[in-house]
Amino acid sequence: MEWQVLLLISLISVSVVCGQVTYSIPEEMAKGALIGNIAQDLGLDVERLKSGKARLYTGNTVEYIELKRERGVLLIQDRIDRESLCGQTMPCALHFQMILENPMEFYTVTVEITDINDNPPTFERGEMKYEISESALNGARFVLDKAMDSDVGVNGLNSYALKPSDNFALKTISRGDGTKHVEMVLQKPLDREKHEHISLILTAFDGGEPQLSGTMQILIAVLDVNDNPPVCSKAEYKTSVTENAPVGTVITTVRATDVDKGSNGKVTYMISKSGAASLFQIDAENGVLTLAANVDYEKRRLYEIDVQVSDQGGLSDACKVIVDVTDTNDNPPSINIMSNSNTVSENVKPGTVVTMLNVQDPDANENGKVVCVLNENIPFSIRSTTNNFFTVVTDSELDRETASEYNITVTCSDEGVPSLSSSVTLTLQISDVNDNAPVFERSSYEAYIVENNTPGLSIFTVKARDADWNQNARVSYILVDSSVNGVPVSSYVSVSADSGVIHAVRSFDYEQIKDFQFRVKAQDGGSPPLSSNVSVKILIQDQNDNPPQVLYPVQTGGSLVAEMVPRSADVGYLVTKVVAVDVDSGQNAWLSYKLQKATDRALFEVGLQNGEIRTIRQVTDKDAVKQRLTVIVEDNGQPSRSATVIVNVAVADSFPEVLSEFTDFTHDKEYNDNLTFYLVLALAVVSFLFITCLVVIISVKIYRWRQSRILYHSSLPVIPYYPPRYSDTLGTGTLQHVYNYEVCRTTDSRKSDCKFGRAGSQNVLIMDPSSTGTMQRIQSEKSILDEPDSPLEVRLI
């Protein structure tokens with residue numbers, strides 16, 4: 001067993017040249033037999049074979065070899081019969097490529113199959129029959145069928161032996177195509193009377209070890225008298241035929257002559273049985289050689305045909321016809337995809353390999369030269385790496401947003417006339433990368449919202465689009481941090497992250513804020529994310545939510561304001577002007593003035609736009625002194641809002657007359673109601689304060705009594721007590737003072753004068769240094785008017 005293993009190893013040879021490895025193995029190796037360690041021979045790591053998903057590419061041929069990536073070795077996958085694989089071709093080799101990915105690489109592997117002597121020489125016929133005239137001269141030649149040995153080299157056909165060899169000798173001629181032409185040569189005249197029939201055994205031997213052989217029986221019938229054999233006009237004929245020529249095409253004509261007459265001079269032509277005999281046929285009578293079947297240049301380029309020329313008397317001659325097959329362009333290129341990427345990222349660099357191709361054209365010369373091109377207007381190009389191998393690479397940068405898929409058509413043409421071509425279409429998907437930021441539909445947004453809105457109200461929607469795909473195109477909306485009048489913008493509005501809808505967070509007041517701006521960021525879901533910002537301006541629209549406010553005349557609860565009109569006032573006399581404002585804007589702030597009620601509507605009128613109160617007729621003595629006007633102020637909103645103001649007008653020429661008349665004014669029901677409310681409220685407050693003070697005073701008294709008891713029984717120093725908000729009078733602090741403001745009062749008489757009061761009282765806090773308590777001294781001065789009436793403030797016009 002050991003010597004068999006050593007013999008097998010010695011039969012396998014390895015050579016590596018520049019990415020190419022060649023092995024030599026004998027045929028008929030057992031399945032699973034080791035060919036070689038390809039990883040070691042190519043200088044590759046086994047892990048590289050695993051990570052690169054190494055595989056063998058054999059084209060369209062049978063896979064005899066398998067690759068074990070885990071071990072990095074090549075093994076026999078199927079029995080290899082060199083004769084079935086290559087026939088007589090030498091050397092016989094299997095050519096394939098080992099493909100690696102990530103990155104793409106390939107190595108050429110050649111496995112040469114050496115021959116073993118497993119086929120004996122064989123003859124196509126088991127016997128040959130000859131009729132030879134006894135008058136045949138010495139040296140007459142008889143062509144014998146050649147033996148066929150499928151083996152080659154030393155294992156092929158080596159020699160012949162003829163037995164018995166009494167009358168004939170065997171002659172072997174080696175030809176240029178490596179075959180051996182065998183002839184039987186007469187070396188001793190025949191004697192029909194002694195041997196009418198001669199049986200010979202032709203044995204063919206090969207040169208293998210052990211030597212194998214095959215036999216054929218030769219039966220010879222000896223004829224009488226034909227002493228002139230036919231003679232070929234040429235020993236060798238050379239001609240050519242185009243491949244795929246139709247059956248029946250004339251190749252050439254073989255000519256032979258026989259000087260005998262009669263039946264002995266009639267010549268017949270016959271093709272010796274050989275491998276080419278099935279492709280050609282010869283007319284037995286005229287020697288015309290024609291095609292019996294189609295010939296293929298790609299299978300065999302040269303044929304040598306042995307033609308036997310015989311006469312009726314059994315004499316014969318032999319000649320050779322050499323047929324050269326010329327090539328025609330009858331095979332289009334065959335495109336085989338070795339490796340293909342279905343998807344490629346859009347950010348790959350130019351020159352990245354996406355497909356590897358193997359293109360084969362079995363034609364010869366110009367007919368077999370192949371040029372490959374791609375369809376136009378695509379960012380790809382095709383390059384020829386080595387003979388018959390091409391790669392499709394990126395020619396420029398890719399952009400998925402411009403084209404997400406490419407149909408790459410590879411067209412390969414030969415240089416024959418006419419040219420033949422074939423094509424294959426590859427579909428390549430472009431995968432997305434996050435290279436596009438979201439883009440808003442508008443450069444800026446402006447929206448309006450009416451004040452006093454409901455919090456959470458949808459204002460409007462911002463929209464951004466991302467040209468990327470899937471997660472890279474998913475847009476989220478974010479409110480950019482900023483402030484409006486020192487307040488975060490998030491307390492004014494919010495934005496929906498998914499839809500971009502902007503909501504109001506609070507209710508807006510036009511009178512406080514009329515517009516504000518902020519920014520919204522649109523961010524995609526890529527990694528890293530891309531974003532863009534847009535400016536948004538919100539404008540608050542006014543609502544008529546504020547009634548007019550009267551600035552003049554001022555309405556007070558404790559005094560009456562009266563406008564004085566002399567009785568000599570003429571028509572159009574300006575009594576006063578009602579001044580009002582409305583904090584709303586636009587038409588909501590347009591004010592109009594109307595006279596709602598009046599003591600004498602025929603005496604006064606109010607300007608619709610300016611609020612001026614004027615007389616519309618001459619004032620007379622009959623007109624009442626006291627005139628009460630109710631003016632309503634309305635804005636122009638929808639619905640409109642209004643305010644009312646009461647204007648008191650005194651029609652008199654002297655001030656005392658006015659005072660006397662207005663003291664008799666009786667307050668209306670509204671004023672009395674308000675006064676009653678305030679009186680009750682004041683009474684309740686005073687009662688509460690009285691009770692509180694009483695409780696505090698009692699508590700203080702008890703506390704002081706307890707402190708005095710403690711101090712009486714103790715020797716601690718006396719610390720004087722200072723009530724809150726009071727201090728001593730020694731100039732070290734301040735003392736609260738109470739002042740009475742001057743008040744104007746009047747008597748019932750219209751002609752009496754006003755009397756004025758002066759400072760009312762003064763409270764002084766004095767501390768006795770000889771005691772622990774305080775003493776309050778009160779000084780007061782009072783000024784009393786003739787009669788206590790309600791105060792009246794009179795304004796003279």
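1. Phe-440 is buried, at 9% relative accessibility (under 20% relative accessible area is buried, over 50% exposed and in between partly exposed, with a 1.4 Å probe and protein chains only). Tyr-445 is buried as well, at 5%. These two residues form an edge-to-face aromatic pair, with 6.3 Å between centres and 75 degrees between planes (ring centres of Phe, Tyr or Trp, the last by its six-membered ring, within 6.5 Å; planes under 30 degrees apart are stacked, over 60 edge-to-face, the rest tilted).

2. The model is predicted: local features need pLDDT of at least 70 and side-chain atom pairs pLDDT 80 or more, whereas totals for chains, interfaces and linings use all residues. Numbering starts from 1 along each chain as its sequence is written, and side-chain values use heavy atoms, without hydrogens or water.

3. The structure holds 13 aromatic pairs. Ring pairs also join Tyr-492, Phe-508, Phe-516 and Phe-518 into a cluster. The charged end of Arg-506 sits over the ring of Tyr-492, 4.3 Å from its centre (NZ of Lys or CZ of Arg within 6 Å of the ring centre and within 35 degrees of the ring normal). Lys-514 lies over the face of Tyr-510, with 4.8 Å to the ring centre.

4. An open sheet with mixed pairing is made of 4 strands, in the order β34-β43-β42-β37 (strands are DSSP E runs of at least two residues, numbered from the N terminus; a pair needs at least two bridges in DSSP). Its edges are β34 (444-450) and β37 (475-479), each of which pairs on one side only. Between β34 and β43 (residues 531-541) the pairing is parallel, over 7 bridges. Ile-449 stands opposite Ile-540 of β43.

5. Over the whole structure, 19 salt bridges are found (a Lys or Arg side-chain nitrogen within 4 Å of an Asp or Glu carboxyl oxygen). In one of them, Lys-320 meets Glu-236, with 3.0 Å between the closest N and O atoms. Lys-320 belongs to β24 (residues 316-326) and Glu-236 to β17 (residues 236-242), so the pair ties together parts 84 residues apart in sequence. Lys-320 is buried at 12%, while Glu-236 is partly exposed at 34%.

6. Arg-614 and Glu-612 form a salt bridge at 3.1 Å, N to O. Arg-614 is partly exposed at 29%; Glu-612, at 19%, counts as buried.

7. The side chains of Arg-617 and Asp-623 meet in a salt bridge at 2.8 Å, N to O. Here Arg-617 is partly exposed at 24% and Asp-623 is buried at 7%. Elsewhere, a network of salt bridges links Arg-82, Glu-83 and Asp-115.
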